[in-house]
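Here is a walk through the charged side-chain pairs of one structure. Keep the sequence open beside the text.

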Number of protein chains: 4
Amino acid sequence: MNTFGTLFRLTSFGESHGAAIGGVVDGMPPGIDIDVDFIQSELARRKPGQSRLTTARKESDQVEFLSGIFEGKSTGTPIGFIVRNENQHSTDYDDLRDVFRPSHADYTYFMKYGIRDHRGGGRSSARETIARVVAGALAKLVLRKIGIRITAWTQQVGNIACERDWTRLDLTLIETNDVRCPAPDAARRMEELIMEVKADGDTIGGVIAGVIEGCPAGLGEPVFGKLHAQLGSAMLSINAVKGFEYGDGFAMTEKRGSEVNDRPSSPPRGESERGLEFCSNHSGGIQGGISNGAPIPFRVAFKPVATLLRPQETVDIHGRAVTINPRGRHDPCVLPRAVPIVEAMAAITILDAWLCAAQIVNCKSSNSKL
Amino acid sequence: MNTFGTLFRLTSFGESHGAAIGGVVDGMPPGIDIDVDFIQSELARRKPGQSRLTTARKESDQVEFLSGIFEGKSTGTPIGFIVRNENQHSTDYDDLRDVFRPSHADYTYFMKYGIRDHRGGGRSSARETIARVVAGALAKLVLRKIGIRITAWTQQVGNIACERDWTRLDLTLIETNDVRCPAPDAARRMEELIMEVKADGDTIGGVIAGVIEGCPAGLGEPVFGKLHAQLGSAMLSINAVKGFEYGDGFAMTEKRGSEVNDRPSSPPRGESERGLEFCSNHSGGIQGGISNGAPIPFRVAFKPVATLLRPQETVDIHGRAVTINPRGRHDPCVLPRAVPIVEAMAAITILDAWLCAAQIVNCKSSNSKL
Amino acid sequence: MNTFGTLFRLTSFGESHGAAIGGVVDGMPPGIDIDVDFIQSELARRKPGQSRLTTARKESDQVEFLSGIFEGKSTGTPIGFIVRNENQHSTDYDDLRDVFRPSHADYTYFMKYGIRDHRGGGRSSARETIARVVAGALAKLVLRKIGIRITAWTQQVGNIACERDWTRLDLTLIETNDVRCPAPDAARRMEELIMEVKADGDTIGGVIAGVIEGCPAGLGEPVFGKLHAQLGSAMLSINAVKGFEYGDGFAMTEKRGSEVNDRPSSPPRGESERGLEFCSNHSGGIQGGISNGAPIPFRVAFKPVATLLRPQETVDIHGRAVTINPRGRHDPCVLPRAVPIVEAMAAITILDAWLCAAQIVNCKSSNSKL
Amino acid sequence: MNTFGTLFRLTSFGESHGAAIGGVVDGMPPGIDIDVDFIQSELARRKPGQSRLTTARKESDQVEFLSGIFEGKSTGTPIGFIVRNENQHSTDYDDLRDVFRPSHADYTYFMKYGIRDHRGGGRSSARETIARVVAGALAKLVLRKIGIRITAWTQQVGNIACERDWTRLDLTLIETNDVRCPAPDAARRMEELIMEVKADGDTIGGVIAGVIEGCPAGLGEPVFGKLHAQLGSAMLSINAVKGFEYGDGFAMTEKRGSEVNDRPSSPPRGESERGLEFCSNHSGGIQGGISNGAPIPFRVAFKPVATLLRPQETVDIHGRAVTINPRGRHDPCVLPRAVPIVEAMAAITILDAWLCAAQIVNCKSSNSKL
């Protein structure tokens, strides 16, 4: 369905060429200052037309909050919001009315629903992620108070990658370039590759890396709702994502236990109540599905955008061969704009886990009662 | 929590050294012949002690069904089942009562619950996956009738891998060797590596690959419940899993759209009602989160088992440094026994998606009414 | 939370004095003609100011659909909608900023959230039910095609009641009077009572009765999701509802089994595939939580509105005694306007149960496969 | 489905004539002493054969816990449990194999599932409530520590009722008689009525009343998950229940607002942090769906048992008229044995609401952070 989360929940709606994209955030803790400028700045990071690396389409992407906020603070009731669609060139898509584009959701939506909205991908458009960025920004407002920080960046575009070990990167540099890569040199080469691909009317994939810092120990459910399973589900729900790994991920498959076990370090006397620290973090901050207090690094694989600005052969709804040559305005590489989306889904997931853990924390803290 | 699925749901319970592992399968379609021998044979594939590659621990792992079956057929009511634990050497774990083992869930459970069951990992033990294998076997009984086949195999152990393209493998060879790899030569080398690692008291990671064949187009939810997000969540919930990818996965991050777009092939006259076929399957049988009718290949990364049969330094519950040297009986590599678990989780996920899609199929098929 | 339903789901948001009331309907079957005039006419039945029996407040209550509809038909994607609030006299409530009104949710919201929106009840206002009426109207558009009819009416106001046995009433008369009672004589006396109570600045309770006709056998879950438990939960979630009964309800508590058992009638030869009919319907169309094909009558108890237009003593947020004398514009009796709300919640519940049953229907109908 | 609750969840399974009734309680707070004698004593209150008022069937109803408990305390992991069925006379039901009994679920299960387990009602048997009583007893162990007490009693049998206002009853007398009515005189007449009805081979309905004391203010969700909607859903899910009301319930429908508004009393100086008290409690401790700290009284309507020990006409699966004359061993009145079931469902509901509220409580209490 179109709802994500257990106690902090986003229900999203909207098509790229309908009236609006919107959502409802249920479970927002009450009494939080709603910093609308911050939310708008997060949307700006996702917005089309923000640099030469992205589609030229222009949308103001102004969020309107409809409920759940009173005198600048959250009330605990659901926060409904909408972002009007403005720059819709629906006629750009008239040629595509009966066509199943290669590697798009046209055919699968048609098989599922027996009907389709051909304009710009309809519900399958990445424009849907606006709702996620708004909800993620609300989650970040809460996480900030708890001391949890979430950061994502472009770690790889095509075959150009920066350092994988995030502890060796200067994450303050992420927003200093259009591609959102914290390694300036790699960033420049990524930009060049994207411009080259764009000139070819082609597209290119890549990897977004992220890290969750300040997450307390004890979040996540031990069996089906493992914290990394929730995080993976969140990432895999983003358009164009083909893979997810956390900690050392796929690289651990080649290792021996003696190489990658994370040994707790003996804490200095009198500090044991601060929680354990670990000599290494191959596990990625989660053991048995539950956070251990260490940072949680993860990587998300994005395939290249399916819409090419060059002719492609395909078939139409009647099974006839056709050649398409989309005009439209499309991104040659989604990575730069997907960074805030990855952060948003991580923020939603972690706040939800934190709220779900709150009940047990609460039981334990009222130990005298229980 | 401990429930997985929407309309076909497994709720699991049980600790490795408690009385039993068990579960409840809710939403089993009625009227299905319950082939108990088949279910038991699936458990045998997961059982300890099945070959020299696995732990020497012996468990008969006999499932007892308690409800939901009448005269050999499912009734549609919940199927409760238990598997008694037999070969528990709880005293093997007495030394570990106060110890946080490296890369185990000991510390995180303690931080979450403020209490722990130190015997053999308690709830975090992979013995919990028995419930998944039983539920998966029930799901397979239904999928078999619909024509959906699920197959998994060991594709990599340490740095030894077989062919990644499953269409070039002979999947009938999987069960011909102890490591469950369909390439006999690679299988032999994997076995040698596992025996070598075992001799060192060490452990080794690897990759299990799988493929879902015969899945009709139209399964999966377009936004948060994308079919591959559900599948990824299912896989990431298995003990020791660190990553998931489907289709060309992480390899697609280096590609251009023109290289990996899947073009539908124009169907021969008069066969269009069979659904589209595609000239390639880089997407992995899913577009926009919904199945397109093509096979769904995926890969799952397993880290090496955390329990080593050699001394390791760690700390205890009081923060004191200790050295542990577990006796116990443990697997040097979980891959061979995890193959049926991966299949089980895939089966549960796909049957659930099929049942969720049934309502729309139903609406469409009763078009005259709707 | 603010979501109702399993496969047909309404998520609602909005406060009485915020920007808008709205909702998201997820799970709307695709391909349904969206008759906006019908939806608007349902809202008109709920609207304030429609007769002298209701509050004089004026709202146009115009619904704007934002997604999920394409070329006049549902697409299967979520339908987002909003109704702007217009006639807000928030200053009417300035005196109430720090006051806990008797039998209102002021105090309980404050205790739950530690914050409150004092303007007109905020989220606890019955204005929230607009979202339910829109979702219910969408559900009715589907139910109409399946042949399920839902009808509700005012059966009692204060101590004036009409016939309880719905089969003796002419339900076509419901909309012929302002109180929405199908018995013209009782209707007239109810109206008189409401006008008398209104003149006193007082309010009055009553009962809304309803019946679901054309519901096929087999809907509902046997244990916790019994069809009447879902229906009861739906009704008890409406503001001011204090009780729910179905079939003969509380009257059955005084009866013997031999008086109220519903005996199936032997069907005429050759008609058994039409399903059983019953000689009586004390059970109310549901046995063991599952519909039996007979009509489902039910009754819903409404307490009198808490806001009186006369002075009342209470306390403020500091525990100080205060006397309030609300101006505002309020209903002396909610029953006439609550009739469409009761119908809406019944429609949402039944469509959801029908969709949940579809998967089993589907399994059975594809028996050759299963 | 067969799961009830959000954070404290019972999944139940089992048929009356299968191997066992059982369940899984997920979300039990960790560290609670599991008093098995208390749980067994709750089962004894529900057990058949406990007095001449109930069926003569004998079951030891011994619960076996399989997981989630370590060294006498809950661990926070799911508690699986089973109660073996012992005294099954399945052959008593052979005559009923093809018969649809009047007012039973035989026909509706058959229509839903296309298959039936004819032995003693199968899943629709009230024997399923064993799982609820076990889960309710676990919930009571937690509620006891929080200071929440739940009490239920037989308030009416047929046309014999005791005082409705619970504050005028001596609830310590409930267990002093077989019918579980706190008014000894009414109890005696109820027992006489039940014996008379039993002698006739007939059955009789009644009302169970209950009250929740010590519930803090702030529990419940404001819109769809209103605390009384959850409670009503819980009660309506019990076999044979036809209606639910809370506070003054249906009696409020005849009242004016000025008669039933609950005015908060001005608290004595310096005690305001204890929360408000109210001059009356017509609302039944809940306003706007959220608890206000006052006791929560409610009433549940039970129809007479459908199985009569006298001949009844009905039809069989082929639509042929047949006369049935059940032997079996059945209760003439379920009320005495249903008292602990009502308490159990109330306990499960309130603990779940308390845990759901914990997250907000937690947010508020860590105000310095948030």
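A salt bridge is a side-chain nitrogen of Lys or Arg within 4 Å of a carboxyl oxygen of Asp or Glu. This is a predicted model, where local features need pLDDT of at least 70, side-chain atom pairs count only at pLDDT 80 or more, and totals for chains, interfaces and linings use all residues. Residues are numbered from 1 along each chain as its sequence is written, chains are lettered from A in the order in which they are written, and side-chain values use heavy atoms, with hydrogens and water left out.

Side chains of opposite charge can pair when their charged atoms come close. Over all chains, the count is 116 salt bridges.

Start in chain A. There, salt bridges link Glu42(A), Arg45(A), Lys140(A), Glu175(A), Arg180(A) and Glu343(A) in a network.

Asp331(B) and Arg337(B) form a salt bridge at 2.7 Å, N to O. Both residues are buried (under 20% relative accessible area; exposed is over 50%, partly exposed in between; 1.4 Å probe, protein chains only).

Now turn to chain C. Arg52(C) bridges to Glu191(C) at 3.4 Å, N to O. Arg52(C) lies in the loop between helix H1 (36-46) and strand S4 (63-65), and Glu191(C) in helix H4 (residues 184-199), so the pair ties together parts 139 residues apart in sequence. Helices (H or I, at least four residues) and strands (E, at least two) are DSSP runs, numbered from the N terminus. Arg52(C) is partly exposed at 47% relative accessibility, while Glu191(C) is buried at 12%.

Asp61(C) pairs with Arg127(C), their closest N and O atoms 2.9 Å apart. Asp61(C) sits in the loop between H1 and S4 of chain C, and Arg127(C) in the loop between helix H2 (106-113) and helix H3 (129-146), 66 residues apart. Asp61(C) is buried at 0% relative accessibility. Arg127(C) is buried too, at 5%.
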